[in-house]
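I opened my notebook to look up how the inside of this protein is put together. My notes follow.

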Amino acid sequence: MEKLIEILLGDIYIQSFIIGLIIAAFLSKLSRRTNLNEPPLVYYRFPVIGHTWSYLKDCDKLILESREKYGETFSLYVFGQIMTIVGKETTHEILRKDQDFSFREGFRMQIPMHLIFGHPRLVEENVKIVRDFVVGKLKHLISRLQKNIINAIDLHIGECVEPKVIRYPRKTLVDIIAIPVANIIVGEECYNNEDMLETFKTLTFSLIKLFRIPPILSFIHPWLHQQIITIPLRFGWNPISKHRKVILNCIKPVIEKRLNDKKRLGDAWVAPLDALQCYLNDPNVAPDFNPNNINYDYIADGIGRLIFASIATTSNGATRVLYDLVERKQQYWQELYQEAQEINKQCNGNELTSDDIARMVKLDSFVKESLRFTSPIVALPHKCISKSYYTFANGYQVPSGRIVSLNFRDTNNDEELQGKNPTEFYAYRHLERNSPATKLERNFLTFGGGKHACPGRALAINEIKMFVHKVLLKYDVRTDNKEIEAKKRYLGPFPVPVNVGLVFENR
Ligand code: HEM
């Protein structure tokens, strides 16, 4: 009997706690009403749920209808918080005003990178490494990238004298892209280590899958969800610990040898060209030749962050380009094959140079169209970091802390920005406007924009082009009898990745 009373009392306590939280959240939301000239809040029928269901179920319709009814800037109520959506007019205001809006802060609310990787200085250091070393020295890296792309294709697709079915092209593309990227990040000495390559292939996924937990507690208050999902992290558990260990095990002997060689050879020592060496050139990280004074954790976290930024993004892009090419084979394959052959002839079958890759103009435009075409409906959540509120050029105001996302659909469907039939895939629309895939313009948001636009885009585009160029010359590719879904499907604002097997056969 006593036990029963205890259980009942326990239940009552829990219920009272939850009701208390709901009331507190409700009161706090009421008290947070501001006197600002806020964008219109789109009408919703059910309190608490707001637009969450339609945002998850049919985001496209919700965004198109809201845009039509409420104009370019409006707000939705999703998972317990108000989110402002801006269209094509205001998108670049958000990207430009980095004193007032931060993507890093917005992204942190989805994946708390600061708790996983630490070392806040790393974000800037990585941007600098990618900008100065990876992209700045891309011309010198092309030969290595190319050799590794060819090796990776041989390893993961290989000779296909008989038709060969690749059941999961998405996974195969991760396996392929990981090799050249690992080579330029950790260098020749350890990029081929089996464990290291596995870390390059899987780190992003071990991180993302943890944050697929539906934010149910956000209905009470988004803060509550944030606190609950980050508890294990704050108590020392980390989803990337095993990857950090692998990275440390592999780089430690390499670093020791490099320091030794540098000390021994003096000016005659030639520094390797890779991101690992960029960290070692920083006197805060490697103050002298003593391996015991190296800040190994900093380097391992830096490498982890670079893997997160580069692998899934590039391999997803390459997969999508390949599917688009197979899906539109009749229209484009032959023409792109001819361009590939022409360039191959001009360089006598020798290695491609940066200039050769730049001359693949039809492929470049195809890649850009493919990336444009697979954009999410709404993306790049930026947190308003103004002191108390921000006033848009259109007069609307949002309070500090508000998440403002970009309506990609509005930019992508606009005829003035995209040219004729913006909702259709037209591979040469960018070639006709003389706009290469790495160029940031008002009509192309895949790489963000402004000061913080993706610094690695030239590397990604060059890798995708080299990969597709080699595939065009070597194989014929078709689907595994299944149609690649003509109509794109979405989960919330994100396109559901296509997963159809592909058949490769030597030409
Ligand atoms: C198709 C492939 C890629 C896509 C679609 C992509 C997309 C993006 C986007 C949208 C951003 C945020 C931009 C903004 O804040 O406005 C970003 C940032 C970044 N990307 Fe990429 N990226 C790709 C490949 C790469 C590669 C290969 C690297 C590295 C080698 C890289 C390194 C970075 C870094 C370091 C940042 C952080 C910039 C910052 O916070 O200031 N990305 N990327």
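I began with the largest nonpolar core, which has 108 residues. Phe200, Ile255, Ile299, Ile303, Phe467 and Phe504 touch the most other members. I noted that this is a predicted model.

Which helix gives the most to this core? I found helix α14, residues 296-327, with 15 residues.

I then picked isoleucine 303. I set aside its neighbours within four places in sequence. Isoleucine 303 is in contact with Ile185, Val186, Phe200, Ile247, Ile251, Leu276 and Tyr279.

I also found a second, separate core of 15 residues. Its members include Val42, Cys59, Leu62 and Tyr490.

Next I looked up α14 against α21. Their axes come within 10 Å and cross at roughly 40°. The crossing of α14 past α21 is right-handed. On the α14 side I listed Thr314, Gly317, Ala318, Val321, Leu322 and Leu325. They meet Ala460, Glu463, Ile464, Phe467, Val468, Val471 and Leu472 in α21. By class, this contact of α14 with α21 has 10 nonpolar, 2 polar and 1 charged residues.

Last, I checked α8 (residues 138-156) against α21 (residues 457-474). Their axes lie 10 Å apart, at an angle of about 45°. α8 and α21 are therefore oblique to each other. α8 passes α21 in a right-handed crossing. Among the α8 residues that meet α21 are Leu138, Ile142 and Asp154. Among their α21 partners as a group are Met466, Phe467 and Lys474. I counted 10 nonpolar, 2 polar and 4 charged residues in the contact of α8 with α21.

Key
Residues are numbered from 1 along each chain as its sequence is written. This is a predicted model: local features need pLDDT of at least 70, side-chain atom pairs count only at pLDDT 80 or more; totals for chains, interfaces and linings use all residues. Side-chain values use heavy atoms; hydrogens and water are left out. Axes are lines fitted to C-alpha atoms, for helices over the stretch in contact, and angles run from 0 to 180 degrees between N-to-C directions. Helices (H or I, at least four residues) and strands (E, at least two) are DSSP runs, numbered from the N terminus. Angles under 35 degrees count as roughly parallel, over 145 as roughly antiparallel, 65 to 115 as roughly perpendicular and the rest as oblique. A crossing is left-handed if the near helix is turned anticlockwise from the far one by less than a right angle, and right-handed if clockwise. Contact means heavy atoms within 4.5 Å. Ala, Val, Leu, Ile, Met, Phe, Trp, Tyr, Cys and Pro count as nonpolar, Asp, Glu, Lys and Arg as charged, and the others, Gly among them, as polar. A nonpolar core is a set of buried Ala, Val, Leu, Ile, Met, Phe, Trp, Tyr and Cys residues joined through side-chain atoms within 4.5 Å. Buried means under 20% relative accessible area, exposed over 50%, partly exposed in between (1.4 Å probe, protein chains only).
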